[in-house]
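This report describes one protein chain for a reader who is new to structures. Please look at the model first, then read on.

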Amino acid sequence: MSIKITDKDVKYLNKDFSTFRKALIDFSKSYFPDTYNDFSPTSPGMMFVEMAAYVGDVLSYYIDNQYKEMLLLKAEERKNILLLAQAFGYRPKTTKVSSVDLDVYLTVPNIGSGEDNEPDYSQAPIILAGMTVQSSENPDIIFRTEEPIVFN
């Protein structure tokens, strides 16, 4: 026995805006034939029918999504996957992100001379967040900066 996994959208109610709209119009025609019979797209009554169909469509989407998240093979949110896996007895190993204190040095030209000598910070670049630094002991370990480096 083999299990076939597909990537199709999960739709258990199989209802969308047009289905709800048609059902509401049919319901109105059947149960209120004398009260309301203007089903033109510009009528105020159709605005309310379409608003109700929209609410039904949105609720249908969220019900389908919640049901999908209850299935281990279809769940997408990490929290739900872990909870479902734990229900089957899986105990995930928790990991923590590594961090390191990093000193970054830069040589810039100077301005002035003697006692008035100071670095020319206008020549110093700004290193954006996301710079990668490789470990000197283990080349497989790579760190990434979280904040920009500003030298002035």
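Ring pairs join Phe27, Tyr31 and Phe32 into a cluster. Rings of Phe, Tyr and Trp (its six-membered ring) pair if their centres lie within 6.5 Å; planes under 30 degrees apart count as stacked, over 60 as edge-to-face and the rest as tilted. The model is predicted, so local features need pLDDT of at least 70 and side-chain atom pairs count only at pLDDT 80 or more, while totals for chains, interfaces and linings use all residues. Residues are numbered from 1 along each chain as its sequence is written, and side-chain values use heavy atoms, with hydrogens and water left out.

**Aromatic pairs**

The whole structure holds 4 aromatic pairs. One of them joins Phe27 and Phe32, which are edge-to-face, with 6.1 Å from centre to centre and 65° between the planes. The rings of Tyr61 and Tyr62 also form an edge-to-face pair, because their centres are 5.0 Å apart and their planes lie at 75°.

Buried means under 20% relative accessible area, exposed over 50%, and partly exposed in between (1.4 Å probe, protein chains only).

| Residue | Relative accessible area | Class |
|---|---|---|
| Phe27 | 43% | partly exposed |
| Phe32 | 41% | partly exposed |
| Tyr61 | 48% | partly exposed |
| Tyr62 | 48% | partly exposed |
| Ser43 | 5% | buried |
| Met70 | 53% | exposed |
| Phe143 | 24% | partly exposed |

Helices (H or I, at least four residues) and strands (E, at least two) are DSSP runs, numbered from the N terminus. Helix 2 covers residues 44-69, which makes 26 residues. The expected span of a helix is 1.5 Å times one less than its number of residues. For helix 2 this gives 38 Å, and its end C-alpha atoms are 38 Å apart, so the two values agree.

The buried residues of helix 2 are Met46, Val49, Ala53, Gly56, Ser60, Asp64, Asn65, Lys68 and Glu69. An α-helix has 3.6 residues a turn, so residues three or four places apart point the same way. The buried residues of helix 2 pack against helix 1 (17-31) and helix 3 (78-87). Contact here means heavy atoms within 4.5 Å.

Ser43 sits in the loop between helix 1 and helix 2. Not counting residues up to four places away in sequence, Ser43 touches Tyr36 and Asp38. Ser43 and Asp103 are 60 residues apart along the chain, and their C-alpha atoms are separated by 69 Å.

Met70 belongs to the loop between helix 2 and helix 3. From Met70 to Leu83 there are 13 residues in sequence and 9.6 Å in space, C-alpha to C-alpha.

**The largest pocket**

On a 1 Å grid over the protein atoms alone, a pocket is an open set of points where a 1.4 Å probe fits, with protein on both sides within 12 Å along at least five of seven lines; lining residues have an atom within 4 Å of a point. The largest pocket contains about 440 Å³ of space. Grid points are joined across faces, edges and corners, and a volume is the space filled by probe spheres set on the points.

The lining of the largest pocket is made of 15 residues, and Val100, Phe143, Arg144, Thr145 and Glu146 lie nearest its centre. Strand 5 (residues 142-144) gives the most to this lining, with 3 residues.

Phe143 is in strand 5. Leaving aside neighbours within four places in sequence, Phe143 is in contact with Ser98, Ser99, Val100, Met131, Thr132 and Val133. Phe143 and Leu102 are 41 residues apart in sequence, while their C-alpha atoms are 9.7 Å apart in space.
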